[in-house]
Amino acid sequence: MNFSSMEYFTVLAQERNFTRAAQRLHITQQSLSSHIAGMEKELGSQLLVRRVPLELTYAGEVMLRYATSFQKLQNEMQREFCDISREQKGILRVGAASTRGQMILPKTIALFQESYPNISVELTEGSNSELHQKLLKGTIDLAIADFPEKLPGISLTDFYREENVLMIEKGLFAKCFTSGAEECKRRLLAGEYSVLKEFPYVLGGIEDIDGRIGRDILRRAGVDNPIITAVSHNVGMLLRLSLYGVGACISPQKIVRSVVSPQQMDSVWLFPLGAETGSCIQFGYQAQSYQWSVIEKFILCAKDVV
């Protein structure tokens, strides 16, 4: 048995399907099946219950634990020797939410590859909770996300703090307040958020940072059942819907500035929602006995960009 055996079994355990696992490994399904059968013969134990989807036996669960541990050590070893030899090459897998990634990553990757031209950056988009799970499973090396709770085995480095704003198209604002619009603006700017109950909203999903924070802001303002006209995991989409007057949008100010053009900004009102509604964006990566210098360099480049 060798490191390839560990990789084959780990991928198969993740996919629970021979066809998909073989495609990921770039080998034939027959070759993968024969390889797993050879492992079972060598170990003297059945690793899989061959049904759809595949299930791991108790022996398979034990094998997965060892295979995951061996793969982690192999990965650390390869990366440490890359640092020793100073011949950095390979793939750095980075995850971020779609709009935040578009705001941060193009300049970051361009700056990063000035120092590491032989490192390919593989990008993954996902919601906050999806990125957490991918990081825990080891399918990404670095996540740029909000970490409201400590994850086991994950190290965190602070990136920047996002302050949230309420964006509402001026026509929709006038429609919601046929009289007293100026008074409503004054109250919002003064932090009197009880007027938020008058608006329809476009919101992120409850597993998204902006969706969770938006609902929390509304709840604290006494809006337990907001009028929601659209829901999306993509905050860029929500901001564009808001520009068309579909609903008010609660979003990080940095993302508003990156998505909404100066010309479009003339058509909306922006109201700050206070420092207490903000969130800390952090880098998350698996805690390891040896940390690849490439990850540290990517973090420094991202900080320089932001």
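Q: A salt bridge is a side-chain nitrogen of Lys or Arg within 4 Å of a carboxyl oxygen of Asp or Glu. What makes the contact of R186 with E183 a salt bridge?
A: The closest N and O atoms of R186 and E183 are 2.8 Å apart. That value is within 4 Å, so the pair qualifies.

Q: What kind of model do these values come from?
A: The model is predicted: local features need pLDDT of at least 70 and side-chain atom pairs pLDDT 80 or more, while totals for chains, interfaces and linings use all residues. Residues are numbered from 1 along each chain as its sequence is written, and side-chain values use heavy atoms, without hydrogens or water.

Q: Where do R186 and E183 lie?
A: They both lie in helix α8. Their spacing is 3 residues, about one turn of the helix. Helices (H or I, at least four residues) and strands (E, at least two) are DSSP runs, numbered from the N terminus.

Q: Why is R186 called partly exposed?
A: R186 has a relative accessible area of 42%. Buried means under 20%, exposed over 50%, and partly exposed in between (1.4 Å probe, protein chains only). The value for R186 falls in between, so R186 is partly exposed. E183, at 39%, also counts as partly exposed.

Q: What sets the two partners E182 and K185 apart in accessibility?
A: E182 counts as exposed at 58%. K185 counts as buried at 11%. Their closest N and O atoms are 2.8 Å apart, in a salt bridge. Both lie in helix α8 (residues 181-189), 3 residues apart.

Q: How many salt bridges are there by this rule?
A: The count comes to 13.

Q: What makes F3, Y66, F70, L73, M77 and F81 a patch?
A: Patch members have over 30% relative accessible area and no salt bridge; like charges are joined within 9 Å, nonpolar side chains (Val, Leu, Ile, Met, Phe, Trp, Tyr) within 5 Å. These residues form a nonpolar patch on the surface, with about 610 Å² of accessible area together. Helix α4 (residues 58-85) gives the largest share, 5 residues.

Q: How do you know that F81 is exposed?
A: F81, in helix α4, has a relative accessible area of 53%, so F81 passes the cut-off for exposed.

Q: What makes K107 exposed?
A: K107 has a relative accessible area of 61%, so K107 is also above that cut-off. K107 lies in helix α5 (residues 98-115). From K107 to N234 it is 127 residues in sequence and 20 Å in space, C-alpha to C-alpha.

Q: What does the chain come to as a whole?
A: The chain has 13 helices and 12 strands. Of its 306 residues, 46% count as buried. Its C-alpha trace spans about 80 × 45 × 30 Å along the principal axes.

How values were computed:
Accessible areas come from the Shrake-Rupley method with a 1.4 Å probe; for residues, only the protein chains shown count as cover.
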